[in-house]
Amino acid sequence: MNVYDGQRIAAMLEKHGLSQTNDVSDADIIILNTCSVREKATNKVYSALGRIRRAKKASAIFGIVGCVARESGSDAFKRIPELNFVLGPQSYHKLPDILKNPDTKLLNIDLGGLEKFDELPQMTKTPTVAYIPVQEGCNHCCTYCIVPYTRGRELSRPFNDVIKDTINAAKTGAIEICFLGQNVNGYKYTDENGKLYRLSDLIKEAAKLPEIQRIRFTSSYPTEMTDDLIEMFGIEDKLLPFLNMPIQSGSPRILKKMNRPDDIENYKNIVKKLKSVRPDIQISSDFIVGFPDETDEDFEQTLNVAREIKYINSYSFKYSPRPHTAAAIMPNQISEQIKSVRLQKLDSQLNENQREFNMSCIGKEMLCLLEGDDKTGRHLVFRTPYMQQCIIEKPDYEISPLQKIKITDANKASLRGEIKLK
Ligand code: SF4
């Protein structure tokens, strides 16, 4: 979501005659787009702001947008007096106001709903992967999560608006569409004639566009994986065989405390149904270790589920208490030392899953999307349909961004391959 927000902010400022620079000391306007999902990310924002204020030129307009801006509000001005603006994740379309009045202080952390989508200019050039938000906010109220506070209640965008953005992305360079939402599969929009649209309808419509070759969506809530959406994986070839469906913990007791779906059997059934319609599908998850009151036994259940589902490409984090959340004041908070030990154990299981899956890809041919050059400039980096990184020698001839690649080698982190010439 932040990548999307960053792209839209850049496009909006370009409309006002600005262009991007990588040199902070040369910038006329500096915007830090922020994430508050973990405590560490929030702390990093304030140290980055300190660095920027020392490096920037005196006349530069300087501010923060996003979730830390919403969380901090006017306090941000007290901590960093040089700030000119503090705009929440649903107010960054107000940025041009500060360009008109650079000597004022602009604070807007309102939850303005979907207003920003109406006001943002369409992109004139889209990267090969286009992120298209379909909904914003979340009603699930997981007890550790700050998102309902920073992004507000769940709102789905009108079906036609999402499709309009998708068509524009296709016409301006996108090959892959990633539908976005904090609770993306909870997408529900009813039009003026009472017709209900779900995420499966968006996928069907996007798949009709010839320019769009790959479709995916993130992030999914397990119990919102409705049958129409599961069936899409069997019907629509352009939908990638890869799904991020966070389970967070393998312990029903901890899941209950997290206010997450605690029926692990039901979760496994969803995976089974997905595999029955798309046998090659792979699942990834997010995990939180060291949630308050998590015992060794609870953690063992998490390890077991990671082993059993054989998640690939997953994210695991130590629980970090966030303001405005119920879990932050729960008793039996877990020590950092125990969290670190558990995280290490879980990571080694997830790495083993990843290594095993990567090795199983050797010899296969996959249609991969070009991401760009690697650091050396001698190789090209592609993304497989499972979002693995695949590296090939840079050819001395022009290639199209979507390539059939034969996988020749693998390790835990990435694949090696060669272009399969017809
Ligand atoms: S479903 Fe996701 S975004 Fe919503 S409250 Fe839970 S963790 Fe946060």
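Because the model is predicted, local features were considered only at pLDDT of at least 70 and side-chain atom pairs only at pLDDT 80 or more, whereas totals for chains, interfaces and linings use all residues. Residues are numbered from 1 along each chain as its sequence is written.

The protein chain contains 14 helices and 20 strands, helices (H or I, at least four residues) and strands (E, at least two) being DSSP runs numbered from the N terminus. The radius of gyration of the chain, taken over C-alpha atoms, is 22 Å and lies close to the 22 Å that the globule rule gives for 422 residues, so the chain is as compact as a globular protein of that length; the rule itself is 2.2 Å times the number of residues to the power 0.38. Along the principal axes, the C-alpha trace spans about 60 × 60 × 55 Å. Of the 422 residues, 38% are buried, a residue being buried if 20 or more other C-beta atoms lie within 10 Å of its own, exposed if 12 or fewer, and partly exposed in between, with C-beta atoms placed from the backbone. Among contacts with a separation of 6 or more, 68% join residues 24 or more positions apart, where contact requires C-beta atoms, placed from the backbone, to lie within 7 Å.

The domain assignment divides the chain into domain 1 (2–108), domain 2 (115–360) and domain 3 (365–419), with bounds that come from an automatic or database assignment. The centres of domain 2 and domain 3, taken over C-alpha atoms, are separated by 25 Å, and 16 residues of domain 2 are in contact with twelve residues of domain 3. On the side of domain 2 that touches domain 3, helix H14 (residues 336–360) gives the most, with five residues. The residues of that side comprise six nonpolar, seven polar and three charged, with Ala, Val, Leu, Ile, Met, Phe, Trp, Tyr, Cys and Pro counted as nonpolar, Asp, Glu, Lys and Arg as charged, and the others, Gly among them, as polar. Arg-355 is found in helix H14 and counts as partly exposed, with 15 C-beta neighbours inside 10 Å. Beyond residues up to four places away in sequence, Arg-355 touches Asn-411 and Lys-412; Arg-355 and Leu-415, 60 residues apart in sequence, are 10.0 Å apart in space, C-alpha to C-alpha.

In soluble globular proteins, nonpolar side chains tend to be buried together. Leaving aside neighbours within four places in sequence, Ile-177 is in contact with Ala-130, Ile-132, Thr-166, Ala-169, Ala-206, Ile-212 and Ile-215.

Most residues other than glycine have a negative phi, and most peptide bonds are trans. Cys-141 is found in the loop between strand S6 (135–136) and helix H7 (147–151) and counts as partly exposed, with 13 C-beta neighbours inside 10 Å. Asn-332 likewise has a positive phi, near 60°; this residue is placed in the loop between strand S15 (315–318) and H14 and is exposed, with 10 other C-beta atoms within 10 Å. The peptide bond from Thr-218 to Ser-219 is cis, with omega near 10°, and Ser-219 lies in the loop between strand S11 (214–218) and helix H10 (227–235).

Terms used. Two residues are in contact if their C-beta atoms, placed from the backbone, lie within 7 Å.
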